[in-house]
Amino acid sequence: MMKPEKYENFQMGLFDEWERSQMVKGADVFSTRSGLVRREWLSRCRKERALTQDLMSDIADLKNLDTALRRVIRNKGSAGIDGKSVEELNDWFSNHYRELQHQLTTGTYRVTAVKEVWIPKPNGGKRQLGIPTVKDRMVQQAISQVLSKRYDSTFSDHSYGFRPKRNAHQALRKAGDYVAEGKSWIVDIDLAKFFDEVNHDRLLWQLSTRIGDKRVLRLIGKFLRAGMLSGGMTTQRVKGTPQGSPLSPLLSNIVLDELDKELERRGH
């Protein structure tokens with residue numbers, strides 16, 4: 001079995017290898033499992049990866065970390081498996097921010113397992129949450145802030161979930177506008193257990209098409225694979241991105257953007 005660090009290096013190089021194999025063909029359009037890909041798209045990917053070779057420096061920037069710290073404290077929430085509360089996070093950060101910056105930039109930051117919590121659903125049943133430690137929540141928030149600046153503007157104009165200055169009420173108003181224009185159908189789709197079923201390899205591949213800093217990709221991979229503590233036992237996750245994580249909403253939008261764009265291509 002391949003060691004974790006070797007698997008990560010192999011996984012992070014998948015897109016580079018695939019891109020080289022496509023470009024040498026000299027064609028303008030390539031066929032992939034996701035559909036047709038144009039040479040211009042590959043060219044944009046190369047440019048994006050060139051611009052994001054040192055993305056971790058932006059994540060580890062003190063101003064970005066401080067903003068993430070304040071966001072986590074403002075959102076409150078329960079403690080993770082280490083028992084540390086958000087009220088303790090400010091003092092910890094004041095004394096350890098340089099150490100944290102060093103760990104992030106050198107790729108030595110260690111991710112802690114998440115705590116399993118079950119909450120009732122409005123329509124019955126229960127939803128599983130994975131609660132990271134407050135320190136991991138702050139780092140995830142720092143990553144999300146930097147990636148959002150690069151990804152949000154590329155998402156569909158028809159996407160409203162988990163996006164800055166967008167919400168479900170705006171989506172409902174837009175649906176009402178379509179009805180007023182004479183449209184006859186509005187389709188509401190619920191993807192069953194979506195957060196639980198996200199494919200890690202596919203998601204990391206998507207991220208690698210635009211992110212050139214492999215330290216960032218490896219750290220996101222660690223967060224995705226972090227174990228979940230339940231009943232005194234830690235289980236390893238091989239798929240899914242836990243609800244309760246500050247990074248999960250952005251990652252879910254990156255995954256679902258393919259669906260949005262395909263629906264648009266079909267004229268919906």
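How are helix 10 and helix 11 oriented to each other? Before selecting them, note that this is a predicted model, in which local features need pLDDT of at least 70, side-chain atom pairs count only at pLDDT 80 or more, and totals for chains, interfaces and linings use all residues. Residues are numbered from 1 along each chain as its sequence is written, and side-chain values use heavy atoms, with hydrogens and water left out.

Start with the whole chain, whose secondary structure comes to twelve helices and six strands (DSSP runs numbered from the N terminus, helices being H or I of at least four residues and strands E of at least two). Of its 268 residues, 37% are buried (under 20% relative accessible area with a 1.4 Å probe, protein chains only; exposed is over 50%, and partly exposed lies in between).

Now select helix 10 (200-208) and helix 11 (214-225). Their axes, which are lines fitted to C-alpha atoms over the stretch in contact, come within 11 Å and cross at roughly 160°, on a scale from 0 to 180 degrees between N-to-C directions. Helix 10 and helix 11 are therefore roughly antiparallel to each other, a label for angles over 145 degrees. H200, L203, L204, L207 and S208 of helix 10 make the contact with L217, I220, G221, L224 and R225 of helix 11, where contact means heavy atoms within 4.5 Å.

Next, pick D213 in the loop between these two helices. D213 is buried, its relative accessible area being 3%, and its side chain forms a polar contact of 2.8 Å with that of R215 (a pair of N or O atoms within 3.5 Å, one able to donate a hydrogen and the other to accept it; residues adjacent in sequence count only if both atoms are side-chain atoms). Apart from neighbours within four places in sequence, D213 is in contact with T52, Q53, D54, L55 and M56.

Then colour the largest nonpolar core, where L100, L104, M138, I143, L207 and I220, of 42 residues, touch the most other members (buried Ala, Val, Leu, Ile, Met, Phe, Trp, Tyr and Cys joined through side-chain atoms within 4.5 Å). Helix 7 gives the most to this core, with eight residues.

Finish at F155, in the loop between helix 7 and helix 8 (168-180), which is buried at a relative accessible area of 6%. Its C-alpha atom is separated by 9.4 Å from that of L256, 101 residues apart along the chain.

Key: Angles under 35 degrees count as roughly parallel, over 145 as roughly antiparallel, 65 to 115 as roughly perpendicular and the rest as oblique.
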